[in-house]
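Subject: Structure for you to look at

Hello,

Here is the structure I said I would pass on.

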Amino acid sequence: MEIWLPILIACACYLTPSFLLFKKQTPDKKLTNFNALLIGIGLLAHFTILKASISFNPINLGFSNALIATSFFSILIFWLLNFNKNFSYLQPFLLIPSAFLLIIHPLFLSNHFLTTDLSPLFITHIAIALLAYSLFTFSAYLAIFILIFEKKLHQKKKIDMLLSGSQPLIEMENFLFNINKIGFLLLTVTLISGILFSEQVFGTPLQFNHKTVFSILAWLIYGLILAGKKLFGWRGRNSIYIKLTAFLFLLLSYLGSKFVLEIILHR
């Protein structure tokens, strides 16, 4: 029962800005500041849920905990970036799914305690991995928004007021490239630390399983699309589809395996 109070607070703080944005669609500075305050309170409540669910002795990184941890850091990235850039149009894409994940969190809460000692190398590996996944999650939401925006432009339909308040398309695509570039560097560090120091980090030798394969595939696709953008100026719908494919592999590499093992097979 104790966990439901912060869940309800976080959901209220996440859903209200989206509702206000849909209602007004062209937010002024006062509304933007109010929404930022609500999201900040929601993040505090979200962190309270994380702290209660994950604990730290030992760490419980079950399926549902991994989901709400990724959504927390994705919203935190959005919240921090939104102080300098106008990302208000992304609020419904980020906040509504996160509120849904928090509501169902107690239903899928499972125990998957990590028996590894909390060594500095292990903590660093987990922190970098979570940050990389969160950056790619944020970039996936931005990529979906760009697809919707671009579709409206190509169909020459009237663009909604919510979409018209966003940044220029080329600026959004350049920002998406920069976010993916940082995420790719963090994912590279995650993979290298996982491969070279698997026994020190996880307590077991490296296992070449589906999780490893999907992670490497995601890394290769992200690397390819970043190189294509840098060398040949790749952009547009096809480029975004490839990025979303890489993100899907990244989801399958970690959350997909956790869902099958913990939720379906109850292992």
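This is a predicted model: local features need pLDDT of at least 70, side-chain atom pairs count only at pLDDT 80 or more; totals for chains, interfaces and linings use all residues.

Helix α3

Helix α3 covers residues 63–81, which is 19 residues.

Helices α2 and α4

Two packed helices are described by the angle between their axes and the distance between the axes. For helix α2 (residues 29–54) and helix α4 (residues 91–108), the angle is about 30° and the axes are 12 Å apart. Angles under 35 degrees count as roughly parallel, so α2 and α4 are roughly parallel to each other. Their crossing is left-handed.

Aromatic rings

A search of the whole structure finds 8 aromatic pairs. One of them is formed by F72 and F73, in an edge-to-face arrangement with 5.2 Å from centre to centre and 80° between the planes. F72 has 8% relative accessibility and so counts as buried, while F73 is partly exposed at 28%. Together with F47, these two residues form one aromatic cluster.

Another pair is F136 with Y222, and this one is stacked: the centres are 4.0 Å apart and the planes are at 20°. Where do F136 and Y222 lie? F136 is in helix α5 (residues 120–154) and Y222 is in helix α9 (residues 210–232), so the pair ties together parts that are 86 residues apart in sequence. Both F136 and Y222 are buried.

A ring can also have a charge over it, as with F177: the charged end of K229 sits over the ring of F177, 5.1 Å from its centre.

Is T137 buried or exposed? T137, which lies in helix α5, has a relative accessible area of 12%. Buried means under 20%, so T137 is buried. The C-alpha atoms of T137 and S74 are separated by 6.5 Å, although the two residues are 63 residues apart along the chain.

Regards

How values were computed
Residues are numbered from 1 along each chain as its sequence is written. Side-chain values use heavy atoms; hydrogens and water are left out. Helices (H or I, at least four residues) and strands (E, at least two) are DSSP runs, numbered from the N terminus. The expected span of a helix is 1.5 Å times one less than its number of residues. Rings of Phe, Tyr and Trp (its six-membered ring) pair if their centres lie within 6.5 Å; planes under 30 degrees apart count as stacked, over 60 as edge-to-face and the rest as tilted. Buried means under 20% relative accessible area, exposed over 50%, partly exposed in between (1.4 Å probe, protein chains only). A charge sits over a ring if NZ of Lys or CZ of Arg is within 6 Å of the ring centre and within 35 degrees of the ring normal. Axes are lines fitted to C-alpha atoms, for helices over the stretch in contact, and angles run from 0 to 180 degrees between N-to-C directions. Angles under 35 degrees count as roughly parallel, over 145 as roughly antiparallel, 65 to 115 as roughly perpendicular and the rest as oblique. A crossing is left-handed if the near helix is turned anticlockwise from the far one by less than a right angle, and right-handed if clockwise.
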